[in-house]
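Hi,

Here is the structure I said I would pass on.

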Amino acid sequence: MTEVSIELTVNGRARQATVPPRMLLSDFIRHELSLPGTHVGCEHGVCGSCNVVVDGRAVRSCLMFAVQVDGAQITTVEGLAQGDDLHPIQQAFWEEHGLQCGFCTPGMLATAQELLAENPDPSDDEIREAIAGNLCRCTGYEFVISAIRSAAAKLREPESETVLQPV
Amino acid sequence: MKPSAFHYERPADLQAALGLLASGDDTRILAGGQSLVPMMNYRLAQPERLIDINRLSELDFIRDDGDVIAIGALARHAAIKASPLILKHLPIIAEAYDWIAHAAVRNRGTLCGNLCHADAASEMPAIMQILEADLVLSKVGSSRTIAACDFFVGVYETVIAADEILTEVRIPKPAPCTGWGFEEVAMRRGDYAWCTIVAALQLEDGRITAPRVAMAGVEDCAARLATVEDAIAGQAPATRLFGQGADAAAEAAAPTDSATGNAAYKRDLMRALLPRVLSEAVSRAG
Amino acid sequence: MSQHLKSNVIPPSRQREVPRTGLTWIGQSMKRVEDPRILSGKGGYIDDITVPGMAHAAMVSSPHAHARILSIDTSKAKALPGVIGVYTGEDMAQVVDPCPSFASPPITQHAMSVGKVRHVGEVVAAVVAEDRYIAEDAAELVEVEWEVLPANVDLEASAAATGDAVLHPDDRDGNVALDERFSFGEVDQHFAEAHIVVKRRLRWQRSSAQAIETCGVVAQFDPFKGGYTIHSNSNFYNFIPFVIGGSLRVSPGELRIIPVLTGGSFGSKVFNHKIIILTAGLARLAGVPVKYIEDRLEHFTNSDSHGSDRLYDAELAVAEDGTFTSLRFTVTDDYGAYLQFGVGTHGNAMAQVTGPYQIQSFGMRVIAVLTNKTQQGPYRGFGSEVTNWVMERMVDAAAEELGKDPVALREQNMIQPDQFPYMIPTGNIYDSGNFQKVLAEAKSMFDLDTWRDKAAKMRADGRCVGVGLATCMERSVYGPTEWWSLNNTETPGFTLTSTPEGITVRLDPSGKMLVTLNSPMVGNSPETVVAQILAERLTIAPEDIVFNYSDSQSGFNGVGPQGSRFTAMIAGACVSAAIKLEERLKRFGAHMLQRRPEDVELRGGMVAVRGLKDQEKSFGEIALTSSFFRLSFPDGEEFDSGLETTAVYDHPLSTDPAEDRSHLGIFYPIVGHICHIVAVEVDPGTGKVEILDYAAVHDNGTMVNPRTLAGQVWGGTANGIGTTLTEQFLYDADGQFTNPNFAEFAMPTANEMPRNFKLGHVETPSPFTEYGIKGGGEGGRLGAPSALTSAIEDALSDRGVKITSLPVTPPTLCGLIRDAEQAATA
């Protein structure tokens, strides 16, 4: 099986690699790119913990081959925070307790990114619909919805600083 | 669960793709991959060769062709769902998409890929049949057009030949007075359904004309329910009529048992959903 | 009090921090300490771990439910480029011993099967290769010859099986692994005197937690340096590593198990000894570090954490006025192919088997049956989620037979607020509670009276609408006697009575507090609750506390997050450590301030003279001086350098079972209470259930962090909704597990959750734990099934449909409706 050369942009940085065609995008991201923030939960496209953003769209990285993203722009969870600052969506998840074990969270963040880019003021029903493709066993989804609602508000307004103190 | 090794081709245009397809066997087409790749990860599918058609931009279209909406092989579910053309002329498709998988899967999956995969519980094979769509199968040097009703023959089985690609689906624009109905029951919304019923019909002087009714999920493949269509054609809509038609269809069906839903249940669903879908279609008609 | 409980004396409370108002940090919904690193993708789960030279393992698993292994040919697999080695159970048996078992007498289990397989998915060989892709290619090339044996899939048939159908002929005569009877109080008399005896046959079917992260291990073996070094997402690594070491044939000094951030457990990662022994053995055989991560199929079929799979024949004795006097049942449990935790899940249920009711006696027979399925392990509730449901079904049945309102009947039988601590017939106690307050709050939040009227009107319109209410107990902070107290008294096994939790707290000269935890983070909030408790107790700011985690060699005494124990137990350890640290801080600080220790107090991260403003020394300054300026202090060991302390906190209230098992002692006494009320609409044509409204009130004593507790309740309720409506493991007659994937094993998505779920809380503190904290991680799953079942039955009461088996999937419910219709017209 001949390996294939690919070039792509990942979290704003140009990357180049040579990969076997069968290497899944999820494995490529985690192991070849050393970005383990994207998680593998099922490898059959149901749980969504492997979701990443490819050319602006949330996709299941376990259902794509790395060779398919030649020329693409990918954002993973590692690309969200800027320096010492969490991205407003991450900040919202923190403030609203939108995660417990965190394993499904990078996938939720990818889904949220796409939703909020298309729909800056989603209703709770729209948020619920959007995350219906991300399985979570910890949260029961309620605070994930709160987090995305809050993230939407943050993205529409200037950011505010929050510190670790009683709320 | 990792796929086994395969040769990978990424042709730049349709002719190159067709040429490759004609030149070897044990080949699968990679479009959206949302059905193929899970099977490959489980090693239920182990093709020797994958032809990635995602570069064939000439196949990425949703077009108004006069009397017909033409949808190309690379049109993604998400694009079709959001297309103003679809919303205007084929709202049943937009409604069905609320029940098909989830956003990330729809971002990559294609309508044509879904039709070729022919899962017994897929909604689109049933919808294409009531819309009387034509499927264009292309190979090197020629193409042929197959009616949707003739395309699906069994579980994961269609009439497509090994050297053909489904390049386009052509859906006649329904008359504006066409009413439609859609119902499905699955364990969770987005799951493959135990039973999907779809219908399109018109009303003329208070009587049903051109009824087209189909179901998915119940038998080996999606199919038109000719007996229901015959029973209601030319009749005034009525609860009793619809109920009898549903009972007869349920009796005549040959439901498959699945891991989670048995044949008796699928008959229950036919009885419950057929009247509802027909009533919805009537209320939307005219 | 019943005679049989006279010897079960309740020890005095060891509580040091009384529950009270006016606390600064405890009770705050503080943002979690753990989140920034997790959110940034830097959490560090097991599959994120890499070590130099690491190879990857893939498994060859049995396609048969029950078979002898006649031969294994690994030659083709070994020849594949990139393969380092291929190993069978016989190879493994040269370097590892069978898995430890809590069952007594034990049921032998090998991490890699030897001679025989007993369920689909058992591992018979493994490939170690340069990557997982190649390893799976090679695994396909391993050729196994099988002699297929009869598959035991049905409970009753398996119990009667003989000959080749017996799973463990060396360990048991047949497939019944345990059959014991227990009687607590005057059961026979109460039943003889009963006005009515309510009888039900109830079935709770198999499913499992299926956390989104599977189990995994990275194992290394070096004969010259340290022996085994193992990363794993096991919860138990710090309590009994010597048990795993025993199977690995090393002492704890040659075994280092390192925890990682864990992607959810819900019980399924409590022990993980099998995958650790398996991967470690491969590392030893292969001579290279080996990573093995279960894929989802393996996690379904081989992770040894299936849930309860039970059949109950239950009876409730009721007096004429509606008082419940006695409960008894025979429970047969389909345990699967092994018995790793013995019948601990039935021991667990004994903690609260009579629910919130004043039932005077209890009897049971428990029959554990082995079958050719994956074995059971811990799963959120650990068996008492089932008995909660059984109890509530019996109460609803009694209400129906007596013609009484089910809520009033519950109120009539409830334990009263002045009766605590309350000892139930099995000997466990409920430490505190006010069930009436919880019920009132729930009824008010749900607006039960309005809903009942609304439901009646909707029914008059022809809709199948019902309302259900459940009042259930939620035990927390387990004592380990549950694991062995139901074993035959002649062979009780390892009669473990410890469940400690330890902590190390160190003050650094910069003023930061460094805390070492001895249990992993699995989605609970260990760092957050510890930060809040230490901040409360020592007046330090939470952001000045930094955490790390020990491993099995550097750490000690940590049983970990399970049985809803962690917060209450770590609170005890925090208080113990804080007492010691405060004493040292005051001693050093007072000396630096030229005062006596009794003249100073802790204030805002300082040691300060009482009543004065400027006479203070910061913790950092004190740490600096005590660490580096020994000669500034007097002689004597009380001024030994440094400000560090360790503390171990043992279970605050546990006692032994009676020798004759006339009672089981006190073993799960920190007991919360929950009330769930739900309105549903059933579509009788399709069997689909829609949740129209939902209210839950949980009393988990003093809440450390209301927001994180609410998250647990939400998640547990989602889990309970799935357990009731959609989650089931399906087997065919050959023992094939037919739906081990996320498409066909249907866990709730956001769409399946109620849209207007109202969550309330009541705080009835414990008199036994620090600050009165009780555990709350399991509760949602302990209450939702009962409330939902009750509501569905109410919705279908006109049709005479009774729900006696879970899950009630749409096909099942439609079948019940159809059967009831046919029975009605017959």
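Predicted model: local features only at pLDDT ≥ 70, side-chain atom pairs only at ≥ 80, totals over all residues.

**Chain C against chain A**

Let's start with the contact between these two chains. Chain C puts 60 residues into it and chain A puts in 54. Together they bury about 4700 Å², with carbon and sulfur atoms giving 60% of that area.

To see a salt bridge up close, go to Arg707(C) and Glu96(A), whose side chains meet at 3.0 Å, N to O. Polar contacts between chain C and chain A come to 21 residue pairs, counting pairs with both residues at pLDDT 80 or more.

Which elements of chain C give two or more residues to the side that touches chain A? They are helix 1 (35-39), helix 4 (132-141) and helix 18 (706-725). Helix 18 of chain C gives the most, with nine residues. Sorted by class, this side of chain C has 28 nonpolar, 18 polar and 14 charged residues.

**Chain A against chain B**

Next, the other face I looked at on chain A. Here 27 residues of chain A are in contact with 31 residues of chain B. The buried area is about 2400 Å², and carbon and sulfur atoms account for 54% of it. On the chain A side, Arg22(A), Leu63(A) and Phe65(A) supply 24% of the area buried against chain B, more than any other three residues.

Four salt bridges turn up across the interface of chain A and chain B. In a salt bridge between Lys2(B) and Asp27(A), the side chains meet at 2.9 Å, N to O. There are also 12 residue pairs in polar contact between chain A and chain B (both at pLDDT 80 or more). Strand 4 of chain A makes up the largest share of the side that touches chain B, with four residues. That side of chain A divides into 14 nonpolar, five polar and eight charged residues.

**Inside chain A**

Chain A itself is divided into domain 1 (4-78) and domain 2 (88-156). Their C-alpha centres lie 21 Å apart. Contact between the two involves 17 residues of domain 1 of chain A and 15 residues of domain 2 of chain A. They bury about 1200 Å² between them, 53% of it from carbon and sulfur atoms. His39(A), Asn51(A) and Val77(A) supply 33% of what domain 1 of chain A buries against domain 2 of chain A, more than any other three residues.

How many salt bridges are there between domain 1 of chain A and domain 2 of chain A? The count is two. While you are in chain A, have a look at the salt bridge between the side chains of Glu114(A) and Arg57(A) (3.0 Å, N to O). Eight residue pairs are in polar contact between the two domains of chain A (both at pLDDT 80 or more). On the side of domain 1 of chain A that touches domain 2 of chain A, the elements giving two or more residues are strand 3 (51-54) and strand 4 (57-60).

**Inside chain C**

Chain C is divided into domain 1 (35-42 + 500-649) and domain 2 (431-478 + 668-826). Their centres, taken over C-alpha atoms, are 41 Å apart. Contact takes 21 residues from domain 1 of chain C and 18 residues from domain 2 of chain C. The area buried there is about 1400 Å², with 61% from carbon and sulfur atoms. Gly563(C), Ser564(C) and Ala568(C) supply 34% of the area that domain 1 of chain C buries against domain 2 of chain C, more than any other three residues. Zero salt bridges are found across this interface, while seven residue pairs are in polar contact (both at pLDDT 80 or more).

Last, the sheet. Chain C has an open sheet of six strands, in the order 7-15-14-13-8-29, with mixed pairing. Strand 7 (176-184) and strand 29 (805-806) of chain C each have a single partner strand, so one side of each is left without a neighbour in the sheet. Strand 13 (residues 310-318) and strand 14 (residues 324-336) of chain C run antiparallel and are joined by nine bridges. Glu315(C) stands opposite Arg328(C) in strand 14 of chain C.

Cheers

Definitions and conventions
Residues numbered from 1 in each chain as written. Chains lettered and ligands numbered in written order. Heavy atoms only, no water. Domains from an automatic or database assignment. Contact = heavy atoms within 4.5 Å. Buried area = accessible area lost by both parts, 1.4 Å probe. Polar contact = N/O pair within 3.5 Å; in protein donor to acceptor, adjacent residues only side chain to side chain. Nonpolar A, V, L, I, M, F, W, Y, C, P; charged D, E, K, R; others polar. Pairing = 2+ DSSP bridges.
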